[in-house]
Amino acid sequence: MSARLPQISEYDSIPSLYRISDRFGLTTQEEEADIQETLFEQNNITSISFLHSNLSIHEDPVSTNANATFVLLCRNSDLAGVLASIQQVEDRFNRNRGYPWVLLNEEPFTEEFKRRVSVLVNSSIQFGQIPAEHWFQPDWIDEEKAKAGRIRMMAQGIIYAGSVPYRNMCRFNSGFFFQHELLKPYRYYWRPDVKYFCDVDYDPFKFMEENQKVYGFTISLVEWEATIPTLWSAVKEFISENPHYVDPNNSMEFLSDNNGDTYNLCHYWSNFEIADMDFWRGEAYQKFFDFLEAKGGFYYERWGDAPVHSIAASLFAAKDQVHFFRDIGYRHSPFQHCPIGEKWVKGKCSCDPNDSFDYVQNSCLKKYEDMFW
């Protein structure tokens with residue numbers, strides 16, 4: 001066969017095999033099978049189960065998909081969990097949608113990792129390395145002060161208190177992931193690093209797009225105050241200096257019980273989030289993140305991306321642009337959200353509808369819902 005094959009370099013997209021005969025001008029099933037086999041060999045892929053899928057994927061110009069992707073931040077050692085998350089998302093939603101995947105790591109992914117993950121998806125998948133300046137603790141951080149803060153938190157028994165890599169992750173997710181070269185072509189993203197219980201028979205990305213939503217969540221809860229003792233004072237300082245960035249129909253009542261004087265610690269849990277990266281790339285959020293970054297709280301304390309994202313979405317977007325995906329059931333230990341009633345039946349959910357974090361102590365869902373009554 002003389003068809004010219006694409007060469008796949010490290011961190012390139014592994015192409016979908018959908019309509020591959022059309023792309024290469026092939027006319028027979030034998031020729032198509034031949035080129036598929038060659039692509040497998042080039043990418044160290046040994047088996048795949050979707051050769052003749054009737055799927056309209058993200059790359060296809062006739063696709064009706066939104067400009068969106070799944071994003072996973074993971075390490076080579078996370079392979080088992082990554083495989084479980086991707087398989088659940090594919091089985092419950094994406095096998096019939098074909099949205100692409102982007103996986104990011106602070107070091108290169110191994111060939112074994114890429115091979116094992118790639119066989120699970122019908123669509124394109126890309127593997128990228130995070131730039132060092134976006135991941136590691138900046139040189140200007142006072143390490144003695146940062147170390148003292150870690151020791152103080154360790155004495156309080158706070159989870160990840162002594163971990164610098166955890167802080168690297170929180171800072172990266174707060175201010176840099178949407179700037180990665182592999183994510184620049186996309187507008188919407190879905191972080192799926194969780195266990196899924198239910199079928200999703202509609203397109204959440206299209207829902208976000210068609211309804212002008214900027215942030216979607218499923219679990220909301222209170223933050224551990226000892227990890228962010230000065231975050232709210234920094235937020236108040238920023239909005240005092242930049243009141244023009246605050247949306248007039250904001251969600252301050254979700255964040256504060258006294259009109260912004262103090263923070264009630266409510267935030268959206270970011271291990272599941274569907275959001276608009278153009279919102280993070282916009283002027284208001286960029287100025288906000290730069291302001292927080294200069295405070296050093298990601299390292300002197302343990303500011304998380306969840307409260308940072310939640311505060312920004314609550315202040316710089318209208319409250320009706322933040323959406324609760326009550327029909328998407330998921331678990332990130334130790335908490336889970338399980339739909340109830342008709343949504344539980346329609347989603348063919350495997351979770352117990354009586355076991356849900358929605359209205360238990362330390363859940364903030366009622367505060368979110370009260371904004372709309």
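Leu265 sits in the loop that links helix H10 (252–255) to strand S8 (266–268). The model is predicted. Although Leu265 is not a glycine, its phi is positive, at about 80°. Its relative accessibility is 15%, so Leu265 counts as buried, the cut-off being under 20%.

Asn362 also carries a positive phi of about 80° and is not a glycine. This residue lies in the loop between helix H15 (341–346) and helix H16 (365–370). Asn362 is partly exposed, with a relative accessible area of 46%.

A cis peptide bond leads from Ser333 to Pro334, with omega near 15°. Pro334 belongs to the loop between strand S11 (330–332) and strand S12 (335–337).

An open sheet is built from seven strands. Their order is S3-S2-S1-S4-S9-S6-S10, and the pairing is mixed. The edges are held by strand S3 (125–129) and strand S10 (322–324). Each has a single partner strand, so one side of each lacks a neighbour in the sheet. From one strand to the next, the twist averages 20°.

Within this sheet, strand S4 (residues 188–192) and strand S9 (residues 272–276) run antiparallel and are joined by five bridges. Tyr189 has Ala275 of S9 as its bridge partner.

Helix H3 (residues 79–92) lies across strand S1 (68–73), strand S2 (101–105) and S4. H3 runs at about 165° to S2. Helix H4 (residues 111–118) lies across S2 and S3. The angle of H4 to S3 is about 155°.

Notes
Residues are numbered from 1 along each chain as its sequence is written. This is a predicted model: local features need pLDDT of at least 70, side-chain atom pairs count only at pLDDT 80 or more; totals for chains, interfaces and linings use all residues. Side-chain values use heavy atoms; hydrogens and water are left out. Two strands pair if DSSP finds at least two bridges between them. Helices (H or I, at least four residues) and strands (E, at least two) are DSSP runs, numbered from the N terminus. Axes are lines fitted to C-alpha atoms, for helices over the stretch in contact, and angles run from 0 to 180 degrees between N-to-C directions. Contact means heavy atoms within 4.5 Å. Buried means under 20% relative accessible area, exposed over 50%, partly exposed in between (1.4 Å probe, protein chains only).
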